[in-house]
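Here are my notes for you, as promised. Have the model open beside them, and take the points in any order you like.

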Amino acid sequence: MLPSHLVIRPLALFLALALGGCATLSKKSNLEELKPVVESFHKVIRWKDFRTAARFVVPERRQAFTRARLALQDERDLSISDYEIEEVVMSEDGTRALVQSRIQWMRLPSATEHTSVVSSEFVYKDGAWLLERQDTGPFADELR
């Protein structure tokens, strides 16, 4: 019969690797789920579909987001001409992500096009990725 330390150590090492592998797979699958959400959010705001865009926002900020779109008459006055997702950084536990995007936009009556590097924080809640906050760009006031 083998001494107990020769059995327990390899078993403990196996469990640590297996559980660590699961965490890595979970983080990777969350990143794979996040990417299409971020891409879809950018597409709907580019096409001025702010009703759909509001569905990507956390429930506690959704109403403020929608009200601001109406008050600012964004369907008429906001134009997003381009966007590029530059970087995505996932939290260790895979439930938060910081997404850095470059967005080119203009809001009438200004004729100046802005280029903003926007940091968006997405959270994984109730089985879905949702936008919680942005630091700059056309939605920063209601998503800070």
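1. Pro109 sits in the loop between E2 and E3. Helices (H or I, at least four residues) and strands (E, at least two) are DSSP runs numbered from the N terminus.

2. A word on the ground rules before going further. This is a predicted model, in which local features need pLDDT of at least 70 and side-chain atom pairs count only at pLDDT 80 or more, while totals for chains, interfaces and linings use all residues. Residues are numbered from 1 along each chain as its sequence is written, and side-chain values use heavy atoms, with hydrogens and water left out.

3. Now the sheet. Four strands form an open sheet in the order E1-E2-E3-E4, with antiparallel pairing; two strands pair if DSSP finds at least two bridges between them. Strand E1 (78-90) and strand E4 (128-134) are at the edges with a single partner strand each, so one side of each has no neighbour in the sheet. On average, neighbouring strands are turned by 30° against each other, direction ignored. Axes here are lines fitted to C-alpha atoms (for helices over the stretch in contact), and angles run from 0 to 180 degrees between N-to-C directions.

4. The pairings can be checked residue by residue. E1 and E2 are antiparallel and share eleven bridges, with Glu84 opposite Arg102 in E2. Their hairpin has five residues between the strands, and Gly94 there has a positive phi near 75°. Strand E2 (residues 96-107) is joined to E3 by ten bridges, again antiparallel, and Arg96 stands opposite Val123 in E3.

5. Is Ser116 buried or exposed? Ser116, in strand E3 (residues 114-125), counts as buried because its relative accessibility is 13%; the classes are buried under 20% relative accessible area, exposed over 50% and partly exposed in between (1.4 Å probe, protein chains only). Its side chain makes a polar contact of 3.0 Å with that of Trp105. A polar contact is a pair of N or O atoms within 3.5 Å; within protein, one must be able to donate a hydrogen and the other to accept it, and residues adjacent in sequence count only if both atoms are side-chain atoms. Beyond four places in sequence, the contacts of Ser116 (heavy atoms within 4.5 Å) include Ser101, Ile103 and Thr136.

6. Helix H3 (residues 59-71) lies across E2, E3 and E4, at about 60° to E4. Its 13 residues, at 1.5 Å each, should span 18 Å, and the 19 Å between its end C-alpha atoms agrees with that; the expected span is 1.5 Å times one less than the number of residues. Arg61, Phe65, Ala68 and Arg69 of H3 are buried. These four cover an arc of only 100° around the axis, which puts them on the same side of H3, the arc being that of the directions from the helix axis to the C-beta atoms. Gln63, Arg67, Leu70 and Ala71 are exposed on the other side. The buried residues pack against helix H2 (50-54), helix H4 (74-77), E2 and E4.

7. Finally, some backbone angles to look over. Lys48, in the loop between helix H1 (4-46) and H2, has a positive phi of about 60° without being a glycine. Asp126, in the loop between E3 and E4, also has a positive phi, near 50°. Asp126 is exposed at 84% relative accessible area, whereas Lys48 is partly exposed at 25%.
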